[in-house]
Amino acid sequence: MKKSKRLLALLLSVMLILGTVGAVPFTASAKEAELSEISANFVNLYEEKTLAETVKLDTEYIASVPNGTSEDKAVYATFKTAEAGYYEIWAKNENIPSETGLTNVNIVDETDEGVFGISMATGTDNSDVSRLKADTRYYVKLYSSDISVNNGGFISFKLSYFADPEPDEMKPDITVNAGKAYEGSIDVAGDKDWIFVPAVSDKKHSFTLENLNEKATAFKAEVYDTKNNLLDTVTTESENSVTVEFAKPSEVVSYYVCVTGINADVRGKYAVKMEQVAPKSVETPLNEDYYDSITGYNTEGGHDYLKFTTIDKDAYYTIHVKNIDINTHSWSKENGVQFVILNANSEEIDRVRLIPASEGSTTLKLKPDTTFYMQVYNHYLPDSNGGNYKINISYVLDPEKNDNSSCDEVKLEEKYYGNIAARGDSDWFRITTNEETDYTFTLKNTNIPTHSWSPDLRFRGVIYNDKNEEIALLKMFSGEELNTRVTLDPNTTYYICIWDPQGTAGEYSFDLSVTVIIDEEAVGMANAVELPFNEDYYDSITNWEGDNKTDYLKFTTLNESAYYTLTAKNINIPTHSWSGDNQVQVKVWNEHKEELGKLTLAEGSESSTTLLLDKNTTYFVRINNNENNGGNYKVNLSYVLDPEANELEQGMTLRIGERYYGNIAAAGDKDFFKITTNEETELTLLLKNINIPTHSWSGDHQFRAVLYNKYSEELGKILATNDTENNIKLTLEPNTTYYIGVWDPDNTTGDYNVILAESVLMGDVTSDGAVKIQDATLIQKALAKLAELDESQNAVADVTEDGKVNIKDATAIQKFLAKIETPYKTGQLILSEIEYSDPENKD
């Protein structure tokens with residue numbers, strides 16, 4: 001510990017020396033750290049504010065104040081506010097002497113004007129809080145006011161921010177509507193919160209201020225109108241909740257409430273609430289006629305206030321009103337007698353407007369066991385507009401739920417009877433399934449009028465799934481019953497909603513029952529007749545009244561890849577239509593009833609389809625007549641083996657230099673091969689079309705071979721018409737797999753051969769890629785024993801192909817260069833191929 005103190009003394013000495021030249025080091029540290037443990041990793045404060053170091057919020061710093069400093073010779077740190085709020089500066093005088101003066105930490109603006117700050121004696125700390133502007137630069141100013149000689153030393157300080165969510169000015173940032181409470185807080189000393197409260201004209205309002213803290217806390221709320229007139233003041237000094245009531249001037253439409261602490265030390269949470277005071281009202285009975293009158297507009301009794309309380313069950317309430325003899329002097333209902341329905345907070349729910357001697361009504365779904373109010377007044381202003389009116393409030397029970405959140409469960413196979421209670425009523429029910437099956441949803445409109453020819457305005461029932469997606473819909477007239485079949489998932493909850501768009505009332509019934517389904521297709525497939533290969537199969541179908549309207553045949557494919565051709569003939573089944581949809585249908589299905597191929601046959605016609613089918617798999621042939629006529633038909637099923645792979649990534653291995661003989665087995669057949677290189681090489685891809693018809697002058701329709709890389713990108717292409725041979729030269733990368741695809745766009749069939757091999761020009765003895773006079777000269781030198789040819793040179797030098805190199809070969813090259821026709825292959829591409837005789841053994 002002694003060693004640490006000696007180090008500290010040395011460190012302080014160095015820092016004080018640095019202070020004399022203006023560079024003042026400081027660093028962040030923990031609040032409880034001893035000065036002896038301060039890191040040597042210092043950053044700097046500066047005496048000039050323009051070079052002041054930036055201070056981070058909520059970070060504790062140690063800074064040194066040099067000897068001889070005073071307010072005009074202070075050191076500074078800087079920070080810039082992001083948003084308006086309360087900022088606290090905390091500081092501790094670690095060891096600066098305070099015999100005749102104190103150490104000061106102030107917050108100043110850019111003009112060095114003080115905003116707030118603190119002073120400390122030696123070894124003490126202090127803090128202060130003030131509200132600062134947003135997006136503004138401030139400075140932390142450090143100095144000692146002690147004029148003694150040794151007034152330098154260390155100061156710890158930290159700057160913190162307190163968010164203040166409530167505005168501190170009279171502006172409507174926070175709005176509290178009548179009947180709603182707002183909870184706020186006085187965050188720091190001097191905090192002032194403003195709250196905007198809209199009010200309703202000509203109503204009394206009750207204002208409550210409540211202390212939300214466990215201990216008694218003195219808050220004060222001042223209520224102002226929009227003209228900044230102080231209307232009243234509320235405090236919580238003696239009680240936890242205080243209420244004041246006052247009448248609102250008719251020309252003022254809103255209030256502003258300012259909440260503060262009684263004194264600077266008050267901090268904590270509070271709540272404010274503004275409520276309209278309900279006027280004195282006359283109780284109106286339910287299901288009885290109530291008669292009363294209003295006087296002139298400007299006289300006592302110009303407004304009547306009535307109230308009624310709903311029953312303790314869900315119900316719809318119809319408020320029926322009649323203007324008996326109140327004069328409105330206007331044909332417009334907007335200027336007539338107003339019957340306004342209000343809730344407990346005097347918020348309007350609905351209203352009915354009446355001219356003299358008229359009546360009207362409104363129907364509402366109201367909360368049970370709740371008091372509602374009705375205001376009656378004449379919109380027409382002259383004094384002589386009083387008179388008599390009648391009100392009748394009746395209700396209809398609504399036992400069904402109006403949404404799917406808590407609706408009742410109904411059972412399958414049971415009929416349910418319900419009613420649309422009133423305009424706007426919708427009834428919801430819940431059904432949970434046990435297994436996946438088809439259901440029949442039946443709905444009957446017993447007596448609900450629809451009054452419209454439009455389907456969109458008819459009575460309806462809808463089934464929704466648990467994602468609120470519509471599954472089924474029924475629309476119907478009064479007295480009509482409809483049903484629809486739906487497939488529902490097992491162990492799933494569904495919802496039924498029943499309602500009438502025109503808002504009329506009445507009764508209905510519905511049920512959801514399991515549908516018994518006979519899958520005729522599944523039965524037919526289970527009893528399908530075996531269809532032989534390569535034989536004509538004859539059979540017949542009956543007309544729509546017979547038991548054999550649809551025939552099902554089946555066959556199982558080979559254990560090899562093959563194309564299957566199904567040929568069918570309508571021998572004498574009448575179709576009476578030019579449309580294929582109304583002709584005899586011959587379809588090929590898999591076991592999942594997915595259609596793979598289809599033939600449509602008029603009477604006496606024949607057609608076929610060819611398909612590549614999976615190995616060792618059973619397929620079905622379905623035959624029927626859409627016109628429901630009977631008669632005879634013939635089908636024949638044949639196959640063609642397809643030894644080549646039909647997909648790129650499954651291509652068969654073909655070694656370089658091996659010629660492969662293949663065939664396009666059927667329409668749509670594609671053959672794929674793959675080749676893997678060992679080293680970078682130049683190869684020639686050759687394709688020969690032996691007998692595949694192309695039927696087109698267009699290259700897009702000609703037989704082809706295409707070279708691909710592993711990304712299915714095309715690297716080269718050859719086109720070949722019938723009985724032609726073409727090639728393309730390619731440079732291939734080492735240790736790379738390539739693919740060759742062979743097919744015919746015209747979907748014709750036939751034989752071909754393909755090879756990818758090294759190639760040279762006949763007569764190119766020098767191997768420079770061309771036949772020149774130098775090649776003939778090299779042959780002559782070899783004959784004169786002046787040069788020696790290797791095996792590959794001998795192969796291309798034997799232009800006459802007589803098995804030996806002699807002067808005839810040199811002469812043939814000279815004739816080729818002189819463009820004299822010879823029977824030889826001089827200048828032609830020849831491949832170094834390996835004859836390949838066993839197509840089943842390729843690896």
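How many salt bridges does the count come to? I got 14 salt bridges, where a salt bridge is a side-chain nitrogen of Lys or Arg within 4 Å of a carboxyl oxygen of Asp or Glu.

A note to myself first: this is a predicted model, in which local features need pLDDT of at least 70 and side-chain atom pairs count only at pLDDT 80 or more, while totals for chains, interfaces and linings use all residues. Residues are numbered from 1 along each chain as its sequence is written, and side-chain values use heavy atoms, leaving out hydrogens and water.

I looked up Arg 485 and Asp 438, whose side chains meet in a salt bridge at 3.1 Å, N to O. This pair links distant parts of the chain, 47 residues apart: Arg 485 sits in strand 35 (residues 481–488) and Asp 438 in strand 32 (residues 437–445). Strands are DSSP runs of E, at least two residues, and helices are runs of H or I, at least four, numbered from the N terminus.

(Buried means under 20%, exposed over 50%, partly exposed in between, with a 1.4 Å probe and protein chains only.)

**Entry: a network**
I also found Glu 521, Lys 593 and Arg 622 linked in a network of salt bridges.

**Entry: helix 5**
In helix 5 (residues 807–817), I listed Asp 809, Ala 810, Ala 812 and Ile 813 as the buried residues. Seen down the helix axis, they fall within an arc of 160°, so they line one face of helix 5; the arc is taken from the directions from the axis to the C-beta atoms. After helix 5 comes Lys 819, with a positive phi near 60°.
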